[in-house]
Amino acid sequence: MVAGGFWFLAPHKTPDQLAQSILGREQRLLGAMQAAQGHGIRLGPEDVVDCDWDQGSADQAMAALLTRRRDFDGVFVLTDVVAIGALHALGAHGVRVPEQVALIGFDGLEVSRFLTPALSTIRVDTDRVAAECLRLLMARMKDPPGRHQPEQVDLPFTLVEAGSTARS
């Protein structure tokens with residue numbers, strides 16, 4: 001662990017298993033793990049907390065984590081909805097965000113700015129995602145059966161810094 005630890009609230013699989021997955025949530029986790037590795041942060045199974053992608057599951061997963069250990073100072077969560085549950089559990093266990101643990105989500109949901117503290121998030125351009133999905137679907141429909149070639153599309157994102165990561 002680096003700098004007190006980084007925790008991802010997500011379903012856990014090995015990087016090889018994630019690379020074979022077609023599920024967006026697993027591809028998102030793989031991307032986050034690769035980005036961390038690119039910055040010299042090694043993430044192993046102990047750094048990933050298994051959690052469904054809803055607020056209640058995140059609340060329970062974070063609460064369980066806090067009963068086992070508190071030696072981390074940052075949590076990257078793969079959706080804003082899950083981050084909301086994690087934020088609730090941190091507060092319920094007396095952990096001050098961001099003074100003790102910084103928290104960041106992913107999606108850029110509008111509700112993120114109305115939380116206390118406001119949630120830092122990675123915002124994706126959902127209109128662009130929808131347009132790319134439609135373009136790929138239309139292209140696949142035009143391809144003869146069995147002739148479709150997979151295509152990777154990288155889309156831009158924006159870091160929205162807010163209170164959940166602001167340290168004095």
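Tutor: Start with the fold. The chain has five helices and six strands. Along the sequence the pattern is β-α-α-β-α-β-α-β-β-α-β. The model is predicted, so local features need pLDDT of at least 70 and side-chain atom pairs count only at pLDDT 80 or more, while totals for chains, interfaces and linings use all residues. Residues are numbered from 1 along each chain as its sequence is written, and side-chain values use heavy atoms, with hydrogens and water left out.

Student: What makes a stretch a helix or a strand?

Tutor: Both are DSSP runs, numbered from the N terminus: a helix is H or I with at least four residues, a strand is E with at least two. Helix H5, for instance, covers residues 126-142.

Student: Why is methionine 141 called exposed?

Tutor: Exposed means over 50% relative accessible area, buried means under 20%, and partly exposed lies in between (1.4 Å probe, protein chains only). Methionine 141 has 59% relative accessibility, so it counts as exposed. This residue lies in helix H5. Across the chain, 38% of the 168 residues count as buried.

Student: What makes Leu134, Leu137, Met138 and Met141 a patch?

Tutor: Patch residues have over 30% relative accessible area and no salt bridge; nonpolar side chains (Val, Leu, Ile, Met, Phe, Trp, Tyr) are joined within 5 Å, like charges within 9 Å. Leu134, Leu137, Met138 and Met141 form a nonpolar patch on the surface. Together they have about 420 Å² of accessible area. Such areas come from the Shrake-Rupley method with a 1.4 Å probe, and for residues only the protein chains shown count as cover.

Student: Which residues have the most contacts inside the largest nonpolar core?

Tutor: Met62, Phe72, Val75, Leu90 and Leu103, in a core of 23 residues. Helix H3 (55-68), strand S3 (74-77) and helix H4 (80-92) each supply at least two residues of this core. H4 gives the largest share, seven residues. Another core lies apart from it, with eleven residues, including Leu29, Ala32, Ile41 and Leu78.

Student: What makes a set of residues a nonpolar core?

Tutor: The members are buried Ala, Val, Leu, Ile, Met, Phe, Trp, Tyr and Cys residues, joined through side-chain atoms within 4.5 Å. In soluble globular proteins, nonpolar side chains tend to be buried together.

Student: How do you know that aspartate 71 and arginine 69 form a salt bridge?

Tutor: A salt bridge needs a side-chain nitrogen of Lys or Arg within 4 Å of a carboxyl oxygen of Asp or Glu. For aspartate 71 and arginine 69 the closest N and O atoms are 2.7 Å apart, so the pair qualifies. Aspartate 71 is partly exposed at 42%, and arginine 69 is partly exposed at 22%.

Student: How many salt bridges does the structure hold?

Tutor: Four. One of them joins glutamate 110 and arginine 113, with the closest N and O atoms 2.5 Å apart. Both glutamate 110 and arginine 113 are exposed.

Student: Why are arginine 135 and glutamate 132 about one helical turn apart?

Tutor: Because they are three residues apart in helix H5. Arginine 135 is partly exposed at 36%, while glutamate 132 is buried at 17%. A network of salt bridges links Glu132, Arg135 and Glu151.

Student: Why is aspartate 107 called buried?

Tutor: Its relative accessible area is 18%, so aspartate 107 falls under the 20% limit. Aspartate 107 lies in strand S4. Its phi is near 145°, a positive value in a residue other than glycine.

Student: Which peptide bonds are cis?

Tutor: One joins valine 97 and proline 98, with omega about 10°. Proline 98 sits in the loop between H4 and strand S4 (102-107). Another joins threonine 116 and proline 117, with omega about -5°. Proline 117 is in the loop between S4 and strand S5 (120-124).
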